[in-house]
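Please keep the sequence and the three-dimensional view at hand.

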Amino acid sequence: MPDRPILISPSILSADMAHLASDVGLIEKAGADWVHVDVMDGRFVPNITIGIPVVKALKKHTRMPLDVHLMIVEPEQYVEDFVKAGADWLTVQAESTYHLYRTLQVIRDLGAKAGVALNPATPISAIEHVLEEVDMVLVMTVEPGFGGQKFIPAMLPKIKTLAELIKQRQLPVDIQVDGGINKSTIGEAARAGAKIFVAGTAVFGAPDVKQAVEDLRASV
Ligand code: DX5
Ligand code: ZN
C-alpha cells in the first residue's frame, strides 16, 4: 500500500443535528480531514438518520470532502442523487446490493471516489473481486446502526489480512475503519493497516472538539 498520511473523518451522527453547519465548522477548524455522513434507512440498519437534502445543504458550508456512508438497501437507486448532492466519497455496504460491481462502477463514472464497506461478519472474500473498482474499503469495527458502541477487536486481523491483500495486488486502495474509534483503539487499528479513521463519539462527545481531533492524531 502506498504510504499516505492518516486521515480523520469525524461522524456527524454524534453532532448536534439542529446545528450541523456550526458543528462541521468546528471540526474543520480543528483540522479534521473529511466529514463522515452516516445515511441510514431503517431497513439495512435498525435506525433512520439523514439523506440527500442534508448532504446538499452541508456542501455549501464546508471545504472538507464529504465522506458519505450509505447504510441503505439497494443503494444503486440513490448513488446518482448523492453524488449530485455533493458526496465526494460514496461508500456502499457490500451486503446491501445484488450488483456491487456495477454500483461501484457507476459511482466512479459519476465522478466520485468509491468505497465498499464490510459488516463485522462479512468476509474479505465478498469484495476481493471488486477491489480494482474501489478507492477505499471500510472495515466496520462495530455493527452499523448506532454511534457509541464498543470497538470489536476481532476486526484487527481482518484489517491486517486486507492490508496484505491490497499490498500484494499493489492497488491504490486505503482502509477506513468506523465504529468505536477513540484514543485507545486508533493505534492498534493503524498498526493493522487502517489509514482513514471515522470517529463520532470520540470527537463530538468530547468537551473540546479541537483537542479531541489532536488527541486522535497523536494516538496513532
Ligand atoms: C455506525 C456509523 C458510524 C458511527 C460511529 O453505524 O457508521 O459512523 O457514527 O460512531 P462512534 O465513533 O461513536 O462509534
Ligand atoms: Zn459510518
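How many nonpolar, polar and charged residues does the lining of the largest pocket have? In this predicted model, that lining has eleven nonpolar, twelve polar and three charged residues. The lining comprises 26 residues, and those nearest the centre of the pocket are Gly147, Gly148, Asp178, Gly179 and Gly180. Strand 2, strand 3, strand 8 and helix 7 (201-204) each contribute at least two residues to the lining. The space within the largest pocket amounts to about 280 Å³.

The largest pocket is the space taken by ligand 1. Around ligand 1 there are 20 residues, the closest being Asp38, Gly145, Asp178, Gly200 and Thr201. By class, this shell divides into eight nonpolar, ten polar and two charged residues. Strand 2 (35-40), strand 3 (66-71) and strand 8 (196-199) each supply at least two residues of the shell; strand 2 gives the most, with three residues.

The side chain of Asp38 places an N or O atom 2.6 Å from an oxygen atom of ligand 1. For the side chain of His69, the corresponding distance from an N or O atom to an oxygen atom of ligand 1 is 3.3 Å. Gly180, one of the residues nearest the centre of the pocket, has a backbone N or O atom 2.8 Å from an oxygen atom of ligand 1. Taken alone, ligand 1 exposes 380 Å², of which the protein buries 99%.

Technical notes: Residues numbered from 1 in each chain as written. Chains lettered and ligands numbered in written order. Predicted model: local features only at pLDDT ≥ 70, side-chain atom pairs only at ≥ 80, totals over all residues. Heavy atoms only, no water. Near = heavy atom within 4 Å. Polar contact = N/O pair within 3.5 Å; in protein donor to acceptor, adjacent residues only side chain to side chain. Areas by Shrake-Rupley, 256 points an atom, 1.4 Å probe, with all protein chains shown as cover. 1 Å grid on protein atoms, 1.4 Å probe; cavity = no way out; pocket = protein on both sides within 12 Å on 5 of 7 lines; lining within 4 Å. Sits in = over half its atoms within 2 Å of the grid points. Helix = DSSP H or I, 4+ residues; strand = E, 2+ residues; numbered from the N terminus. Nonpolar A, V, L, I, M, F, W, Y, C, P; charged D, E, K, R; others polar. Points joined across faces, edges and corners; volume = space filled by probe spheres on them.
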